[in-house]
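Colleague: I am new to this structure and would like a close look at one part of it. Please take the sheet and its strands, and then go on to the charged side chains.

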Amino acid sequence: MAGHGPEARPAPQPRAATLDGHSTKGSNTVAAEIVNPRSDSGPDDTHGEFFDPAFALHRGGKMEIRATVPVRDRDDLSLAYTPGVAKVCSAIAEHPELVHDYTWKSQVVAVVTDGSAVLGLGDIGAEASLPVMEGKAILFKQFGGVDAVPIALDCRGVDEIVETVARLAPSFGGINLEDISAPRCFEVERKLQERVDIPVFHDDQHGTAVVTLAALRNAARLTGRSLGELRAVISGAGAAGVAIARILVEAGIGDVAVCDRKGVVSAGREDLTDVKRDLAGFTNKAGLSGTLAAALDGADVFIGVSGGTVPEEAVATMAKNALIFAMANPTPEIHPDVAHKYAAVVATGRSDYPNQINNVLAFPGIFAGALQVRASRITEGMKLAAAEALAAVVADELSAECVIPSPFDERVAPAVTAAVAAAARAEGVARR
């Protein structure tokens, strides 16, 4: 994996940066200059006078594969490959469980996308998604010690994706689904988990949900409340919104209502998809209907995973000591300056404000724990355990600006890994 050890390939160095180190040109202009460099550019300057550090970092990709054993001479070669490798293959053929001990299977994850819902960019296709999948793979390694391989699929049908990934599954110990649009992502995850006996985890759903629950537990504790005393409103009924609602209910939230573009997702609506109809069945005990603004009146918690802007007058109607998690990027649904007027705790998805709700706090440790015990799946109990462990990391440092650890806190991955492994054993999905 690139970026680790003395042999890692160095990132290209800048040649002609602007004063602040960033280009002032838009991304379309950036692409145009790279494809069609200025004619007066020098022989070593394919970008002409243009430089953007993001492109410099990504040039040539962000990963590489390296051997973990030496191949220095004929003896090494005969052990690493033929004839020595045949003994190992034969042993695995007779005892399939040995594949975990004598290959990398039990320590590698496939990061799989179809490019249909990439970050805030939307449906940009498989090849354009690769920089994100590479980034996800290096986060697995950096923050969880887990090797990961980016796989971008040129197919969109649910059954096509499931069939393709299921056929690839023997090479991996887990499958991390990434940036697949809703509602297909729910069906892909469900059907794929039915086909394979390794963990399948859609991070856009469950990683976000785990970190949100961890932060909310600490925010409630900080303000002298329990989860059971809180009424929450979620803006966004896509992958993240549905998963957050589900884990909050599992954790014992007092009540939670989820809003889409048409208002509160309620059983009385006739325009609901199957996913939203199921959502309405386990949320909104209060029987709310109408707009997001109406739902916020008296609410203790706002969780935003949708984008858009919530009017300040609606925020002002929330309960005293409100908890506002406005997580849309780059523009939160409620700007922190506005949120702080009314809230005891404010969290965002951004790294330049305190309390960043960042999936990297969850998925590396969750997969590391699952792989450690060769789990067959990741259960709701394992997710709850991950959230509890994550919340506990900052238990002694709790403040309005610290309800969740930094992604660079070295205590995070070991705590989440241990909790997930223990939960897997307790729930009977561990195989060692």
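Modeller: What follows describes the sheet first, then the salt bridges, and then a few single residues.

This is a predicted model, in which local features need pLDDT of at least 70 and side-chain atom pairs count only at pLDDT 80 or more, while totals for chains, interfaces and linings use all residues. Residues are numbered from 1 along each chain as its sequence is written, and side-chain values use heavy atoms, with hydrogens and water left out.

The sheet is open and has six strands in the order 7-6-5-8-9-10, with mixed pairing. Its edge strands, strand 7 (263-264) and strand 10, each pair on one side only. Strands here are DSSP runs of E with at least two residues, helices are runs of H or I with at least four, and both are numbered from the N terminus. Two strands pair if DSSP finds at least two bridges between them.

Within the sheet, strand 5 (residues 231-235) runs parallel to strand 8 (residues 301-304), and four bridges join them. Ser235 faces Gly304 of strand 8. Strand 9 (residues 322-326) and strand 10 are also paired in the parallel sense, over five bridges. In strand 10, Ala343 stands opposite Ala322.

Strand 10 (residues 343-348) is largely enclosed by the rest of the structure, because five of its six residues are buried. Buried means under 20% relative accessible area, exposed means over 50%, and partly exposed lies in between (1.4 Å probe, protein chains only).

Now the charged side chains. Side chains of opposite charge can pair when their charged atoms come close. The whole structure has 29 salt bridges, each being a side-chain nitrogen of Lys or Arg within 4 Å of a carboxyl oxygen of Asp or Glu. One of them joins Arg72 to Asp76, with the closest N and O atoms 3.0 Å apart. Arg72 is exposed, at 67% relative accessible area, whereas Asp76 is buried at 12%.

A second salt bridge, between Arg190 and Glu194, has an N to O distance of 3.3 Å. Both residues belong to helix 8 (residues 184-195), where they lie four residues apart, about one turn of the helix. Arg190 is partly exposed at 45% relative accessibility, and Glu194 is exposed at 58%.

The side chains of Arg217 and Glu388 also form a salt bridge, at 3.7 Å from N to O. This pair links distant parts of the chain, with Arg217 in helix 9 (residues 203-222) and Glu388 in helix 16, 171 residues apart. Arg217 has a relative accessible area of 26% and is partly exposed; Glu388 is partly exposed as well, at 45%. Elsewhere, a network of salt bridges links Asp260, Lys262, Arg269, Asp271 and Lys276.

Arg374 is buried, with 12% relative accessible area. Apart from neighbours within four places in sequence, its contacts (heavy atoms within 4.5 Å) include Glu97, His100, Asp101 and Val429.
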